[in-house]
Each structure stands twice: as C-alpha cells, then as structure tokens.
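Thanks for coming, everyone. I have one structure to walk through today. Have a look at it first.

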Amino acid sequence: MSQAYEREQQNNSRLDELASKVSALRGVTIDIYDSARDQDVIDSTSDTFSTFTTTLKGSATRLTRMASSGNKVAILKLSGIIIASVVVLYWIWGLVF
C-alpha cells in the first residue's frame, strides 16, 4: 500500500506540474492573440493614413490648379473656409483641454 500511495502522490505532483504548464501556455496563447489583434489595428490605421495622405495630395493639387487659374472669388472663399476651420479647431481645442 505504501508504494501505491507514493505513486499516487507522484501522479498528483506531476498532474499539478502539467496543469501549471498548461496554464502558462494558455497565457502565452492569449498574449499572442492580443498582439495579433493589435497588429491588425495598426495595419488598419496605417491604411487609413495612407488613404488620407493620397486624398490630401489630390486636394492640394486641385487647390493649386484653382489658385493658378486666378479665380479671385474662389480664392477668397477658400481662404475664408481655411480661416474658419482653424478658428473652430482652436475653439474645440480650448474646450477639450
């Protein structure tokens, strides 16, 4: 009986060690999953900024073409829109911070 009890104790000890390793492995797996999900967010953000940059360049090109055409009314409207946008952003910045 002593040997059976000793083997049972060894089995229990090994089972506890295995449970500990499985728990550690699950933690690593969850960390890998979270990291992969964060990487997807980073990729999505990068794509968004890339699209924004392309759109901004296109807008700047069109604005340059419009300004070079000499349409003074359009230039004044654009200047007013830019100034109003800056003022609104400054006002929002003051409210937030």
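Predicted model: local features only at pLDDT ≥ 70, side-chain atom pairs only at ≥ 80, totals over all residues.

Let's start with helix H1. Helix H1 covers residues 2–69.

How open are the two partners? Arg 37 has 43% relative accessibility, so Arg 37 counts as partly exposed. Asp 34 has a relative accessible area of 26%, so Asp 34 is partly exposed too.

Next, the charge on the surface. Which residues gather in a patch of negative charge? Asp 38, Asp 40, Asp 43 and Asp 47. Take Asp 38 from that group. Asp 38 lies in helix H1. Its relative accessibility is 46%, so Asp 38 counts as partly exposed.

Ser 35 is partly exposed, at 45% relative accessible area. Gly 58 has its place in helix H1 as well. At 24% relative accessibility, Gly 58 counts as partly exposed. Then Met 66, also in helix H1. Met 66 has a relative accessible area of 25%, so Met 66 is partly exposed.

On to helix H2. Helix H2 spans 72–96. What does UniProt list for residues 74–93? An unreviewed entry there gives "transmembrane region". In the model, residues 74–93 are 100% helix and 0% strand. The end C-alpha atoms of that span lie 28 Å apart.

There is a nonpolar patch on the surface here. The members are Val 88, Leu 89, Trp 91, Ile 92, Trp 93, Leu 95, Val 96 and Phe 97. Together they have about 950 Å² of accessible area. Look at two of them. Ile 92 has its place in helix H2. Ile 92 is partly exposed, with a relative accessible area of 39%. Phe 97 sits in the segment after helix H2. Is Phe 97 buried or exposed? Exposed, because its relative accessible area is 69% and the exposed class starts over 50%.

Last, distances, C-alpha to C-alpha. Met 66 and Gly 27 are 39 residues apart along the chain, and their C-alpha atoms are separated by 58 Å. Ser 35 and Asp 16 are 19 residues apart in sequence and 29 Å apart in space.

Now two pairs that reach further along the chain. Gly 58 and Trp 91 are 33 residues apart in sequence and 28 Å apart in space. Phe 97 and Ser 35 are 62 residues apart in sequence and 32 Å apart in space.

Methods. Residues numbered from 1 in each chain as written. Heavy atoms only, no water. Patch = residues over 30% accessible without salt bridge, like charges linked within 9 Å, V, L, I, M, F, W, Y side chains within 5 Å. Areas by Shrake-Rupley, 256 points an atom, 1.4 Å probe, with all protein chains shown as cover. Salt bridge = Lys/Arg side-chain N within 4 Å of Asp/Glu carboxyl O. Lys, Arg positive; Asp, Glu negative; His and termini not counted. Charge placed at Lys NZ, Arg CZ, Asp CG, Glu CD. Helix = DSSP H or I, 4+ residues; strand = E, 2+ residues; numbered from the N terminus. Buried < 20%, exposed > 50% of the residue type's maximum accessible area, 1.4 Å probe, protein only. UniProt positions renumbered as here; feature names shortened; annotations may be inferred.
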